[in-house]
Amino acid sequence: MTKFKAWVSAARLRTLPLSISGIIVGSSLGNNLFLKTNIFWLAIATTLGLQILSNFANDYGDGVKGTDNKDRVGPMRALQSGVISKQQMFKGIVCTAILALGLAISLIYVSFGKDNFLYSLFFFILGLASIAAAIKYTMGSSAYGYRGLGDVFVFLFFGLVSVVGCFFLYTKNVELVVFLPATTIGVLSAAVLNLNNMRDYDNDKNSGKNTLVVKLGIQRAKMYHFTLLIISMLCMLVYLFYTYKKPMHLLFLLSFIPILFHFVKVFKTNTTELLDPELKKVALTTFLLSILFSLGQIL
């Protein structure tokens, strides 16, 4: 593996569509012409920066703690491979954090200008919290990913912060109904993490990484997973009930088809390593839902 490929691998490009799903949903609710706005593109850039930062930090944290080892299922991590050193990865984390913060400040300025200081201050603090959350998932002695709290933070930042926050950037307002699609994106993102942790159950348990799956055990983690999938669909159906105005609003229902197939696949799979391909499927299905949902809003 070349150094360039190692950095690309550490960025985990397959996670990026999931990370921007909430931005797409929140933007489509906040502005029908969101694709033509600077807010949307800066929000996308900021979110991508934060996701890559999280991926670098995860690579570093798991690598330093020894969680990424020969027993881990899935592709070899960059630090684990030895192509990128701990010092180089740490510098990459610092540089990416600075870039993400710069993008967040630009997004805040474009959204609020000079006249909404309190809004700007709140989102600046939220930006700092997002950077801290991205780093502290696996890095440091108090890494929350090692205490079973990863799902909570994923739900909050991928779902509520991403969708409701982005909606607020456009409207300067909060509507309760927006929390329904925000919850859907959040629980589907948590489902992706849960799949990842089910796949890595044995290695995480042996390495002392007490994810929620390790705490629950595989069977209860499966039930938790099914609950997340059911909540995701129910929230969208309730949202549809309250907001339906035209047939295009039904378009996102097509994304339920791969979710149902995935439900059956997980139910029938007893070997956790075989769940690895399902991560990509659920992540892309969440992205598909966001695209179909936004098309239904703007067309």
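K172 is partly exposed, at 28% relative accessibility. This is a predicted model, by the way. K172 sits in the loop between helix 7 (150–171) and helix 8 (179–199). Its phi is positive, about 55°, and K172 is not a glycine. Why point that out? Because most residues other than glycine have a negative phi.

There is another residue of this kind, R12. R12 also is not a glycine, and its phi is positive at about 50°. Where does R12 lie? In the loop between helix 1 (3–11) and helix 2 (16–30). R12 counts as buried, because its relative accessibility is 16% and the cut-off for buried is under 20%.

Now the overall fold. The protein has 13 helices and zero strands. The C-alpha atoms fill a box of roughly 50 × 45 × 30 Å along the principal axes. How does the radius of gyration look against a compact globule? For 299 residues, such a globule would come near 19 Å, and the protein has 19 Å, so the two agree. Of the 299 residues, 52% count as buried. Take the contacts between residues at least 6 apart in sequence: 76% of them join residues at least 24 apart. The accessible surface comes to about 13900 Å². Carbon and sulfur atoms account for 69% of that surface.

Next, charges. Side chains of opposite charge can pair when their charged atoms come close. The count here is five salt bridges. Start with K209 and D62. Their closest N and O atoms are 3.2 Å apart. K209 lies in the loop between helix 9 (201–207) and helix 10 (212–216), and D62 lies in helix 3 (residues 38–65), so the pair ties together parts that are 147 residues apart in sequence. Buried or exposed? K209 is buried, at 4% relative accessibility. D62 is buried too, with a relative accessible area of 2%.

Then R199. R199 forms a salt bridge with D276, and the closest N and O atoms are 2.5 Å apart. D276 is in helix 13 and R199 is in helix 8, so this pair ties together parts that are 77 residues apart in sequence. R199 also forms a salt bridge with D200, with the closest N and O atoms 2.9 Å apart. D200 and R199 are both buried. For R199, the relative accessible area is 2%. D276 counts as buried at 19% relative accessibility. Which residues make up the network of salt bridges? R14, R199, D200 and D276.

Stay with helix 13, residues 276–298, and look at T286. T286 is buried, at 0% relative accessibility. A polar atom of the T286 side chain lies 2.8 Å from the backbone oxygen of V282. Leaving out residues up to four places away in sequence, T286 touches L18, S21, I185 and L188.

Last, the surface. I105, F117, L118, L121, F124, I125 and L128 form a nonpolar patch there. Together they have about 670 Å² of accessible area. Which element gives the largest share? Helix 6, residues 117–136, with six residues. L128 is one of the patch residues, and L128 lies in helix 6. L128 is partly exposed, with a relative accessible area of 39%. That clears the patch cut-off of over 30%.

That's my tour. Thanks.

Terms used: Residues numbered from 1 in each chain as written. Predicted model: local features only at pLDDT ≥ 70, side-chain atom pairs only at ≥ 80, totals over all residues. Heavy atoms only, no water. Patch = residues over 30% accessible without salt bridge, like charges linked within 9 Å, V, L, I, M, F, W, Y side chains within 5 Å. Areas by Shrake-Rupley, 256 points an atom, 1.4 Å probe, with all protein chains shown as cover. Salt bridge = Lys/Arg side-chain N within 4 Å of Asp/Glu carboxyl O. Helix = DSSP H or I, 4+ residues; strand = E, 2+ residues; numbered from the N terminus. Buried < 20%, exposed > 50% of the residue type's maximum accessible area, 1.4 Å probe, protein only. Polar contact = N/O pair within 3.5 Å; in protein donor to acceptor, adjacent residues only side chain to side chain. Contact = heavy atoms within 4.5 Å. Rg over C-alpha atoms; globule rule 2.2 N^0.38 Å.
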